[in-house]
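Biologist: I am new to reading protein models. Could you walk me through a few features, one at a time?

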Amino acid sequence: MGSIETEKEPFDIEVVLARIRETVRSFADAAMFALAAQGHTTLFEQLVACILSIRTRDEVSLPTSLALLQRARTPEAMSRLTTRELESLIRPVTFPEPKAKQIHAIAVRTVQEFHGQLPCDAQVLQSFKGVGPKCAHLALGIACGHEAISVDIHVHRVTNRWGYVQARTPEQTLAALEARLPRLYWIELNRLLVPFGKHVCTGTRPKCSTCPVLSMCRQVGVTHPR
């Protein structure tokens with residue numbers, strides 16, 4: 001089925017997110033939010049954690065981030081580690097060697113250019129190798145309270161499946177959401193849709209029969225729901 005329009009209620013983003021908020025209450029928080037809940041709230045810590053999370057499951061990236069930050073929590077401490085030491089510490093995540101080099105370079109530059117304190121500036125963050133809009137926006141939202149939408153694979157898939165936006169790429173989804181989503185939900189959207197996308201609105205065979213927003217979701221592209 002390409003798009004299911006019959007017998008659907010008008011889409012109300014406020015109601016949708018309220019229902020999802022209740023649904024995900026029993027699921028583990030997304031890794032970076034979980035990290036913040038354990039006191040790792042600086043922009044540097046959040047940026048490092050996001051780099052570690054790229055193409056890595058939260059179940060792996062969260063404990064790896066905690067282990068790394070227990071060893072070196074500040075840019076100064078991180079810059080004193082060798083890239084080989086860093087690589088060893090982050091071995092469980094995907095691509096540990098390039099990520100170790102990226103994190104070390106960020107730490108060194110933060111010390112040298114910003115006196116050990118990363119500015120809450122998306123352009124600065126994206127000037128670091130390996131940091132794209134998703135990581136920049138998510139880290140800024142959690143650490144600095146910046147109203148920014150972070151679009152990962154879950155946010156991209158779910159919002160397009162709803163029919164709330166129609167976009168082919170995460171970059172296009174970001175632009176579409178910025179134009180339509182009330183700013184009140186910009187930071188929270190990622191926090192809600194990561195666990196929702198993992199456990200309910202999954203990539204294949206989504207659990208439509210138990211979805212709290214089925215009555216409003218257009219189920220775009222859904223062919224084999226459960």
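This is a predicted model: local features need pLDDT of at least 70, side-chain atom pairs count only at pLDDT 80 or more; totals for chains, interfaces and linings use all residues.

Biologist: How many residues does helix α7 have, and what span does it reach?

Modeller: Helices are DSSP runs (H or I, at least four residues), numbered from the N terminus. The expected span is 1.5 Å times one less than the number of residues. Helix α7, residues 96–114, has 19 residues and reaches 26 Å from its first C-alpha to its last, close to the 27 Å expected.

Biologist: Which residues of α7 are buried?

Modeller: Buried means under 20% relative accessible area, exposed over 50%, and partly exposed in between (1.4 Å probe, protein chains only). An α-helix has 3.6 residues a turn, so residues three or four places apart point the same way. In α7 the buried residues include Lys99, Ile103, Ile106, Thr110 and Phe114. The buried residues of α7 pack against α3, α5, α6 and α8. Just after α7, histidine 115 has a positive phi of about 55 degrees.

Biologist: What volume does the largest pocket have?

Modeller: On a 1 Å grid over the protein atoms alone, a pocket is an open set of points with protein on both sides within 12 Å along at least five of seven lines; lining residues have an atom within 4 Å of a point. A volume is the space filled by probe spheres set on the points, which are joined across faces, edges and corners. Here the largest pocket has about 550 Å³. Of its 27 lining residues, Ser53, Lys134, Val151, Asp152 and Ile153 are the closest to the centre. Helix α9 gives the largest share of the lining, four residues.

Biologist: And which residues line the second largest pocket?

Modeller: Among them are Thr42, Phe44, Arg73, Thr110 and Gln117. This pocket has a volume of about 170 Å³, and α3 gives the largest share of its lining, three residues.

Biologist: Is glutamate 9 buried or partly exposed?

Modeller: Glutamate 9 is partly exposed, at 38% relative accessible area. Glutamate 9 lies 207 residues from methionine 216 in sequence, but their C-alpha atoms are 4.9 Å apart.

How values were computed
Residues are numbered from 1 along each chain as its sequence is written. Side-chain values use heavy atoms; hydrogens and water are left out. Helices (H or I, at least four residues) and strands (E, at least two) are DSSP runs, numbered from the N terminus. Contact means heavy atoms within 4.5 Å. On a 1 Å grid over the protein atoms alone, a cavity is a set of points where a 1.4 Å probe fits but cannot get out, and a pocket is an open set with protein on both sides within 12 Å along at least five of seven lines; lining residues have an atom within 4 Å of a point.
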